[in-house]
Amino acid sequence: MGYLITIDGIVQGVGFRPFVYNLASDMKLKGYVKNSTKGVIIYLDSNQHEKNLFLEELKKKSPRASFILSIDVLETNDNKKYNCFEIIKSEETEGITMIPSDLSICEDCTRELFDPQNRRYQYPFINCTNCGPRYSIIKSIPYDRQNTTMDSFHMCKDCEKEYNDVKDRRFHAQPNCCLLCGPEVYYGSIKGIDAIKRIANLIDEGEIVAVKGLGGYHIICNATNEEAVKKLRYLKNRFVKPFAIMVSEISTLEKYDFPNKDKITELMNQPQSPIVIFSWKNHPLAKNINPLGDKIGVMVAYTPIHKLLFKFLKTKFIVATSGNLKDEPIVIDEKEACEKLTHYTKHILHHNRPIHNRVDDSVMTILNNSIYPIRRSRGFAPNPIILNNSSNKSIFGAGAGLKSHLGFSKGRYIFISQYIGDLDNVETENFYIETFHKLKELFKIEPTDIVIDLHPDYRSSIFASEYAIKNNLPVHKLQHHKAHMLSCMAENHLEDNTIGVIFDGTGLGEDGNIWGGEIFYKQGEIKRRFHLQYFLQPGGDLSAKNPYKMLLGYLIQIDLNDKLLKKTAAKFKAENELEMLKLMLTKKINSPYTSSIGRLFEAFGSLITGVKQNEFEGHTAIYLENIAKKVLTKPYSYIIQDDKIIISEIFLQIIHDIEIGTSPSYISYRFHFTIADIVASCCNIIFKETGIRDIVLSGGVFQNILLTELVLEKLKEDNFNIFLHRQVPPNDASIPLGQIYHLIINS
């Protein structure tokens with residue numbers, strides 16, 4: 001008697017086969033294990049009791065980087081007699097294999113990296129089955145060396161011996177290599193460790209450098225050097241947007257105090273090693289690391305190259321920001337780096353291991369003592385979102401135009417791509433198309449259906465529609481904010497009877513207006529129950545970049561008295577713009593209606609802080625959040641009338657608070673508190689009408705942690721069940737997930 005066992009999940013490239021081999025051998029079992037496009041397949045020549053014990057141990061002791069989604073067991077008979085347990089050749093079968101994401105260097109490899117007696121001492125590409133590049137180097141499945149960018153590096157005898165030794169930590173580690181047979185780093189004519197030393201010296205001297213890492217290049221400088229950071233800001237044309245920081249080890253942070261320290265350091269120390277944003281008031285960094293406040297994004301060095309760089313650096317903190325030109329994808333090869341990154345520096349550390357899939361650093365924060373994603377990329381993509389039920393459709397979700405991601409479904413899995421970016425330039429659009437074809441090929445998915453946003457001008461929708469025409473596929477359209485709602489429902493396995501509070505900057509509504517402050521509920525169909533009252537948005541997208549224009553537009557439309565209107569305009573030296581803005585609004589010239597909460601936050605951010613222009617999306621809204629200080633207060637006045645949230649009185653009261661000298665921190669907190677109160681009021685009305693207690697929160701405005709915490713607090717007081725994003729960010733990264741889920745639950 002025998003058992004054919006299929007393990008589905010993240011089980012390739014994480015040391016799963018040697019783990020199974022050693023477990024079976026220790027238990028004196030016979031049979032085999034192999035990779036396939038269905039996952040890992042195990043045959044056990046055993047009785048039922050032995051099989052059960054084996055599976056119990058397998059679940060308990062599986063490798064740290066693995067993730068078992070399902071275990072299917074089929075009782076069968078294999079005519080072949082097995083004398084031992086063995087690992088046999090991979091095969092291609094019908095099905096789908098999960099692709100392992102890139103992992104940070106493990107403790108064992110770190111120890112060997114700095115051990116002078118080890119043959120990989122100070123070798124920048126040390127790795128094993130527990131760490132190293134995965135998704136960034138995979139070209140096709142099964143995950144074998146010939147299907148990665150390591151295929152041109154032929155292992156030396158020592159590496160080959162490790163690779164074939166089932167007892168070795170590097171057994172079937174596909175990127176396995178050493179100084180004799182693997183990739184190398186170089187800076188001009190300087191190679192190897194000397195190149196890294198030279199780059200470290202340049203950083204210590206105050207220079208800006210570029211370093212090729214795992215999923216692309218970083219632009220790096222000393223994070224404690226005010227002049228170096230200032231120079232980088234000038235070169236990047238990035239004067240207030242916070243920079244991400246890298247440290248060599250978690251221990252670097254031990255002597256500093258900040259809230260949620262244990263949870264934050266635990267998250268930073270995970271194999272994914274994301275950037276983690278947290279409030280760090282008394283940091284030792286340059287003051288202009290974050291000119292907007294005390295929230296700092298920090299990650300631990302996750303590749304041996306970065307670890308070695310710190311070995312020779314005097315500083316313990318470096319800026320490590322994406323190596324790209326403004327709004328373009330991260331650079332991944334030498335040619336591209338020499339064309340683009342020389343804008344920042346002539347000092348570039350390259351290496352010759354090709355990157356197949358470019359991946360930016362992931363960004364996370366802590367909310368309610370749990371991980372909360374802001375950008376999902378390295379270490380997390382393309383891990384799937386798993387549904388309860390399987391679908392016979394293979395769906396392509398095209399996503400949106402900003403914070404763009406795309407997605408595919410197959411069976412019960414939805415695969416969301418790494419972060420792509422804003423599709424407003426050719427380079428990022430090409431990256432989007434490249435990612436589409438690479439993921440489609442990796443997962444062997446042929447879409448049966450395509451879902452796009454209502455907005456006709458999104459480059460993602462245009463590409464998807466053209467692909468559909470060429471391949472004679474049906475195209476389905478879904479409103480942007482409904483996709484947000486459904487994405488959070490998908491993560492939390494909700495199908496119906498749900499309220500959706502969806503707050504963001506923009507999305508074409510079903511009535512042709514711009515939505516962004518919406519409260520829906522789903523009982524069968526999704527119904528839009530409440531929305532922020534419509535205001536005209538003068539200049540359209542121009543107001544998103546210049547929030548003072550949106551502010552003045554609001555104030556004109558609520559009939560603020562002329563004296564206060566002119567005084568507010570004077571704050572921005574915009575008195576001469578008032579008549580033009582009034583004309584635009586009166587005649588509705590390039591002034592669409594909007595219900596956007598994102599625009600509202602930016603406008604109030606501009607009013608309270610005096611900042612005229614958004615350097616980046618949500619700039620003034622983030623500034624507004626950062627200056628808020630918790631106080632005992634009550635909400636500003638608002639009215640819920642039929643399906644509208646009337647907010648004119650909020651403007652008048654805030655203007656009054658400013659006039660009497662109320663502190664900006666108090667006004668900001670009270671404004672956030674008011675929006676949370678509005679959410680609670682609307683949800684309570686919907687509950688009385690429908691009996692629904694389950695609520696999802698989605699949309700880019702819910703990246704505002706203060707607002708999200710206040711909303712959670714208010715809703716919990718009223719005994720609602722609140723569900724948040726935990727696998728994809730609440731911003732437009734979640735759109736393809738919602739698009740796909742819409743079609744699955746409505747099929």
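**View 1. Glutamine 122 in the loop between H3 and H4.** In this predicted model, glutamine 122 is buried, because its relative accessible area of 13% falls under the 20% limit. The residue has its place in the loop between H3 and H4, and its phi is near 55°, a positive value in a residue other than glycine.

View 2. Methionine 155 is found in the loop between helix H3 (107-113) and H4, whereas glutamate 160 is found in helix H4 itself, which comprises residues 157-164. When neighbours within four places in sequence are left aside, the contacts of methionine 155 are Arg145, Glu160, Tyr163, Asn176 and Cys181. Methionine 155 and glutamine 117 are 38 residues apart in sequence, and their C-alpha atoms are 21 Å apart in space. Glutamate 160 and arginine 170, in turn, are 10 residues apart in sequence and 9.5 Å apart in space, again from C-alpha to C-alpha. With a relative accessible area of 41%, glutamate 160 is partly exposed.

**View 3. An aromatic pair formed by phenylalanine 258 and phenylalanine 278.** The count of aromatic pairs in the model comes to 33. One of them joins phenylalanine 258 and phenylalanine 278, whose ring centres are 4.4 Å apart and whose planes make an angle of 35°, so that the pair is classed as tilted. The pair links distant parts of the chain, 20 residues apart, since phenylalanine 258 is in the loop between strand S10 (244-247) and helix H7 (261-268), while phenylalanine 278 is in strand S11 (residues 275-279).

View 4. Phenylalanine 408 and phenylalanine 436 form a tilted aromatic pair, with 5.4 Å from centre to centre and 40° between the planes. The two residues lie 28 residues apart in distant parts of the chain, phenylalanine 408 in strand S19 and phenylalanine 436 in helix H10 (residues 426-442). Phenylalanine 408 and phenylalanine 436 are both buried. They belong to a cluster in which ring pairs link Phe396, Phe408, Tyr432, Phe436, Phe463 and Tyr467.

View 5. Five strands make up an open sheet with mixed pairing, in the order S17-S19-S18-S20-S21. Strands S17 (384-391) and S21 (475-478) stand at the edges, and because each has a single partner strand, one side of each is left without a neighbour in the sheet. From one strand to the next, the twist averages 25°. Strand S18 (residues 395-397) and strand S19 (residues 407-416) run antiparallel and are joined by two bridges, whereas S18 and S20 run parallel and are joined by three. Lysine 403 has its place in the loop between S18 and S19. Its phi is near 45°, a positive value in a residue other than glycine, and with 22% relative accessibility lysine 403 counts as partly exposed. In the loop between strand S16 (370-375) and S17 lies proline 382, and the peptide bond that leads from alanine 381 to proline 382 is cis, with omega near 0°.

**View 6. Strand S20, helix H11 and strand S21.** S20, H11 and S21 make a right-handed β-α-β unit, in which S20 and S21 run parallel and are joined by four bridges. Helix H11 (residues 459-471) lies across S18, strand S20 (449-453) and S21, and runs at about 155° to S20. Strand S20 is mostly covered, five of its five residues being buried. Valine 451 of this strand stands opposite glycine 397 and also opposite histidine 476 in S21, while glycine 397 has glycine 407 as its bridge partner in S19.

View 7. Glutamine 739 is found in helix H22 (residues 735-745) and counts as buried, because its relative accessibility is 0%. Its side chain reaches the backbone nitrogen of alanine 398 at 3.1 Å. With neighbours within four places in sequence left aside, glutamine 739 is in contact with Gly397, Ala398, Gly399, Val451, Ile452, Asp453, Leu478 and Ala483.

Note on methods. Residues numbered from 1 in each chain as written. Predicted model: local features only at pLDDT ≥ 70, side-chain atom pairs only at ≥ 80, totals over all residues. Heavy atoms only, no water. Pairing = 2+ DSSP bridges. Axes fitted to C-alpha atoms, helices over the stretch in contact; angles between N-to-C directions. Contact = heavy atoms within 4.5 Å. Buried < 20%, exposed > 50% of the residue type's maximum accessible area, 1.4 Å probe, protein only. Right-handed = clockwise from strand over helix to strand, strands pointing away. Polar contact = N/O pair within 3.5 Å; in protein donor to acceptor, adjacent residues only side chain to side chain. Phe/Tyr/Trp six-rings, centres within 6.5 Å; stacked < 30°, edge-to-face > 60°.
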